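Please examine the sequence and the three-dimensional model shown here, with attention to how side chains pack against one another.

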Amino acid sequence: MDQVIISGAGPVGLWLAAELRLGGVPVTVLEARKERDPHSKALTVHPRTLEVLAFRGVAERFLTEGLRIPNGHFGGLENRLDFQVLDTPFPFTLALPQARTEELLEEHAVSAGAQVRRGHRVVGLTQDADGATVNIEGPDGPYTLEAAYVVGCDGTRSTVRGAAGIDFPGTGATTWGWVADVILDEPPQGPLNMSGPHGGVMAVPLSGGIHRLVGGDPAGTRPDRPGELTLEELRGTVIRIAGTDFGMRDPVWLSRFGNATRQATQYREGRVLLAGDAAHMHFPAGGVGLNVGVQDATNLGWKLAATMTGRAPEGLLDSYHTERHPVGAELLLSTRAQTALLTGYSTEGQALRTLLSQLIATVPEFSRVLAERLSALAVGYPPAESGAHPLTGHRAPDLAFADSTETLFTLLHGGRHVLLDLTGKDGPALEQLARNAAAGLTVHSAPLSEPHAGWSGVTAALVRPDGHVSWAVDEPDDGAVPIGLLQDMWPARSAAA
C-alpha cells in the first residue's frame, strides 16, 4: 500500500515515475503493450519541456539526438513564430520521434528505481479512504495490486478514468487530418508548409530518409472517420495541394486523426489522479500534447511524493487539479483555434490565415506572446493568497549566480524546493534552514551574476520542485532573509509566521 501505480508507459507515465522515485516513493508502471509503438505520434519537444528535463539533469541526451528548430507554427500559418526571442536556455523546438523520447524516459525512470511491466493491462480498480486495488490482466493471467494512489496516464480511452467515474465531456470529431511517414524521392528543400482551398500539408524530414507529411483537406470535414488512409488517396490529395507528390513511395505509417476535444471534469477523485491524454483530448495542433502531459506529471510528481512521505500540508495534492485543469482548458482553447485556421479552406478562412500570418511577421509582440503560450513558458499559477509577490506562481528562469557556475536549474536536480538568498549574507535563519536541508530543502546564498527581468530588487525566493516560484520578497528584515517566511517551505503555508 506504500506504492503508486501508474497505468501507461508513455512519456507522461514514465516521467511521472521518475519524479516519484526522486521523491522516494515506490512506483510500478503498467503498460498494456508488450512492445513500444514504433510509430511516433509526437515529434516536437517544446522549450518548457526542455527546461523540465534540464532541471532534472537529463536534457543533454535529448539535445544530442534531436533536431533544433528555431521557430514553431501556429495553426499552420505561413509565417512562423520566432522562438529565439524567448527567455529560455532552449529557444527552439526539438524534433525527436516519440519512440526515442520514450526510450530515453524509460531509461531515466528505471535507473531511478521504477518498475515497468509491459504486457500488463489495467482492467479496473476499486478504492476506499485508505488506498486502491487495481485489477490487471498480465501474461500469466489476472492479478491485483494494492496501492496508496493510482495515476491514469493511459490515454484518451483511459480505463483508470472510467473506473474512477470521472466524466470526460466535450465534443466529437467534425474534421479529420492525416499523417504519413513516407519516402520522398523529390523532397522539398527544407520544411514544407503549404495551404490553400484544396487543403494544407506540412512536411518535415525524419531519420532514415523518411519524411513526415501532416495535413488535412476539405474531404475530411465530416463527423465520421473517412476510413483507412491509402497511399494513392494521399498522393492525390498532396498533388491537389502542392502540385506534386514529391515522389512519395514506400509508406511506413499512414493514419488519420480527428478533432474530438474533451477534458476530465476533475484530475483527482479520491485515490485516483489523471495526467496527460487521460485528462485532456484535442486536435494535435502545434505539437503540444506530449509536452502538456509531461508538465502535468512535473506538477503532480512532487506533490504526490510529498503526500506519500508525510511532508505535505493539507490540500497540497488537491492543488494539482486547481493548477493544471485551467492549463488543460487553455490547451483546448488554443488547439480549437488552430483547428479553425488549419481547416480554413474557404475564401474567408484563407483571408483570416493571411491576416494573422501578416501580424505574426509584422507585430513582434503578437508573435512573441503566441510563442510563449505555445511553448508553455507563459504558464503560471495564481497565488493562493492576495497580496503575494508578483513573481509568485510564475515560472522561474534559469538564474545564474555570482559565486559559482551553478544555476537554478542545476540546483533543482534533486527535485527539492530551492531557497534562494540573493543577498548572499547568510543570516541566522538561512543557516538554521541549511542544517535542516535533509527535510527537503536546497539552500543557496549568493547574488545574481547579472540582472534578470522581473527579479530586480528580489532578495529571497522559494522555488518549487516544478520550477515555479512559491514566494518571493524584496526587502528582508535587518539585511537577512525573514525567518517567519522560511519556517515552512510548502506553498499552502508560505504566509505562516
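The following paragraphs treat the nonpolar cores and then the aromatic rings.

This is a predicted model, in which local features need pLDDT of at least 70 and side-chain atom pairs count only at pLDDT 80 or more, while totals for chains, interfaces and linings use all residues. Residues are numbered from 1 along each chain as its sequence is written, and side-chain values use heavy atoms, without hydrogens and water.

A nonpolar core is a set of buried Ala, Val, Leu, Ile, Met, Phe, Trp, Tyr and Cys residues joined through side-chain atoms within 4.5 Å; buried denotes under 20% relative accessible area (1.4 Å probe, protein chains only). The largest such core holds 84 residues, and among the members that touch the most others are Ile6, Leu20 and Trp455. Helix 1 (residues 11-22) gives the most to this core, with seven residues; helices are DSSP runs of H or I, at least four residues, and strands are runs of E, at least two. Another core, of 16 residues including Val182 and Leu231, lies apart from it.

Aromatic rings of Phe, Tyr and Trp (its six-membered ring) pair if their centres lie within 6.5 Å, with planes under 30 degrees apart counted as stacked, over 60 as edge-to-face and the rest as tilted. By this rule there are four aromatic pairs. The ring centres of Phe90 and Phe92 are 6.3 Å apart and their planes stand at 85°, so this pair is edge-to-face. Both Phe90 and Phe92 are buried. Tyr267 and Tyr320 form a tilted pair, at 5.8 Å centre to centre and 45° between the planes. This pair links distant parts of the chain, 53 residues apart, with Tyr320 in helix 8 (residues 319-342).

Key:
Buried means under 20% relative accessible area, exposed over 50%, partly exposed in between (1.4 Å probe, protein chains only).
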